[in-house]
Structures are given as C-alpha cells and as structure tokens.
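Please look over the sequence and the structure shown here.

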Amino acid sequence: MSESPPTTPVCYRHPSRETYVRCTRCDRPICPDCMREASVGHQCPECVAEGRRGQRPARTAFGGGAAGRRGYVTRALIAINVALILLSIYTARGGEAVAGAGFGGLLGGATPLTDWGAVLGLDRVPPFGVEEGIAAGEYYRLFTAMFLHYGLLHLLMNMWALWVLGRSLEATLGPLRFLALYLVAGVGGNVAAYLFSAPQARTVGASTAIFGLFAALFVIMRRLGRDTSSVIPILVVNLVFTFAVPGISIAGHLGGLTAGAAMALVLAYAPRSRRTLFQVGGGAVIGLVLTGLTLMQSAALLA
C-alpha cells in the first residue's frame, strides 16, 4: 500500500492559496492577505477581532473615557455658544447688538434672547405687573445664562479660555466627567448670582463655568502631583479683573469657582474601588445643595 504524498497547507479562508504561516493563537494556516501583525508572529482576522472584544477600553486616571483626548465636548460647547450669539444678534434685528453705544454688541449689548435667558431674580413687567425671573418659576435661566453673552468681545474672551482649559481637562477627565464639571460650575455660578445680585439684575456668560474650570485645573494638577505655580498667577489675575472692572458678576465668578472646585474634588479624590458611584453621588449632592439654595431664595423673594 503506497503512502499518499504530503499535502501543502492552504489558507483556511482562501483554499486556493498555499501557505506555511499559521496564526499564533489558533494555529490555522493564513495567507498574506489574512495575516494581522501581532506582538509575536501573525494572527488571523477572527482572532484579532476576538482579542479586541476582550480588551477593556482605555481609561483616564479619573475613570473617564480616552475619547476626551479629541476634545469633542469642548468643541461642541464652543459651537453652541457661537451659534447662540449669532441667534442673539439676529433677535435684536438692529445694529445695537453689533455696534451700539459703547461698542454695543462688542462690550455688552443686550438682546431679546439675553433678556429671555439671563439670570434674573424677580422683575415685574409694566404696565400690568407681570412677574418674570427665576422666582417666578423660570428656573431654566440658571442653565441658559451660561451659554449667552453680551457681545462679541465677551464671547471671544470666554471661548479662548474654554479652548485652552477645556481640551486639557477633557483629556484628563474624559468627555462625560468634563461635561458634568462644566455644567455644575456654570449652574453653581448662576445660583450664586441669583443669591447675591439685585433681583432685577440680569447676568449672562460662560465665565461662571470658566472660573470653575480654573479651580478644577488647580485641584486636578495637585491630585496628579504636578506643579501648579503656573495656574495660580492666572487665577489671581482673573480674580483681580473680576473685582476691578465694573459690571462683572462677582458672585457669579466666585460661585462658579467654588462649585467647580467642589466638583473637581469629587472627581479627583473618588476612591478607585467605587469611583463612578462616588463621583455620581458627589455630583448629585452638589446638585441638591444648589437646588435647595435656589428654592430658598425664591421663597424669600416671593415672601
């Protein structure tokens, strides 16, 4: 009985192609088109796909997703602010929003959109005394005010700061945690403006959130053991600017700074074993405190 001649191995995906290379994981023969370079040897497409499914997604030091390195949330926030100032100028239907008295739109022109979305405690619109403001139930103002601006210069200053701070913090925290930080700081600053400003005063601007980002950058750099000497002078300059320039909401800036620092502490010092639970719970506690302060102030204004 004669022996059968040895057969040449063929690719398991392409039977017409002879090959002597095998997948280092499953040992099946693979041709050059099916080879996927691995740390040792080559793997077949199926083993590569299976390995990817078993890998844990990359995380930042604070539990966030690595997608934050692309800065999508920062870019989206800037886009929203730019879109809203264009809409704000359009609602004015006049030159005052772009070049009114004192440079109007450049240095503080109000528009119907800013009147609608600004932080406003309580006001009564003549001639019938119709109430408007947060105390009258317009709680959305605590959120919308952080996306509106009094003119182009106001917008550009805040967006430049957001671009510089936002990309770094988003890459470090991850997109969702960075967004939570931004919103908590912005709302926290607006709550402070509601508490400590005159009821009829109107306040808008992303600077409440920006000051929160300054505080968060300091907290997070300290947590990572990095030098914070470059952050302190910039923060001091902005605080001096806040107190020295008339018309700036001191309460809003300090409130954003405080809320941002509190949220950053929650994100940065959460225990590793239950990090996400602690971060979500800490953020919820901050939200409840801000809600309670808002309701107390509304009750006081309506009393």
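The paragraphs below go from the record to the cores, then to the salt bridges and the surface.

This is a predicted model, in which local features need pLDDT of at least 70 and side-chain atom pairs count only at pLDDT 80 or more, while totals for chains, interfaces and linings use all residues. Residues are numbered from 1 along each chain as its sequence is written, and side-chain values use heavy atoms, with hydrogens and water left out.

An unreviewed UniProt entry annotates several stretches as "transmembrane region", among them 178–197 and 277–300; such annotations may be inferred rather than shown by experiment. In the model, residues 178–197 are 95% helix and 0% strand, with 28 Å between the end C-alpha atoms. Residues 277–300 are 100% helix, and their end C-alpha atoms lie 35 Å apart. Helices (H or I, at least four residues) and strands (E, at least two) are DSSP runs, numbered from the N terminus.

The largest nonpolar core has 50 residues. A nonpolar core is a set of buried Ala, Val, Leu, Ile, Met, Phe, Trp, Tyr and Cys residues joined through side-chain atoms within 4.5 Å; buried means under 20% relative accessible area, exposed over 50%, and partly exposed in between (1.4 Å probe, protein chains only). L162, L169, L181, Y182, I210 and L213 touch the most other members. Elements giving two or more residues to this core include α2 (72–92), α6 (152–173) and α7 (175–196), and α8 gives the most, with 11 residues. A second, separate core of 7 residues includes C11, I30, C34 and C44.

The model holds 5 salt bridges, each a side-chain nitrogen of Lys or Arg within 4 Å of a carboxyl oxygen of Asp or Glu. One of them joins R13 and E46, with the closest N and O atoms 4.0 Å apart. R13 is in the segment before β1 and E46 in helix α1 (residues 45–54), 33 residues apart. Is R141 buried or exposed? R141 is buried, because its relative accessible area is 1%. R141 pairs with E138 at 2.7 Å between the closest N and O atoms, and E132 with R141 at 4.0 Å. Salt bridges that share partners join E132, E138, R141 and R202 into one network.

On the surface, V285, V289, L293 and M296 form a nonpolar patch with about 360 Å² of accessible area together. Patches are made of residues with over 30% relative accessible area and no salt bridge, with like charges joined within 9 Å and nonpolar side chains (Val, Leu, Ile, Met, Phe, Trp, Tyr) within 5 Å; accessible areas come from the Shrake-Rupley method with a 1.4 Å probe, and for residues only the protein chains shown count as cover. L293 lies in helix α11 (residues 275–302).
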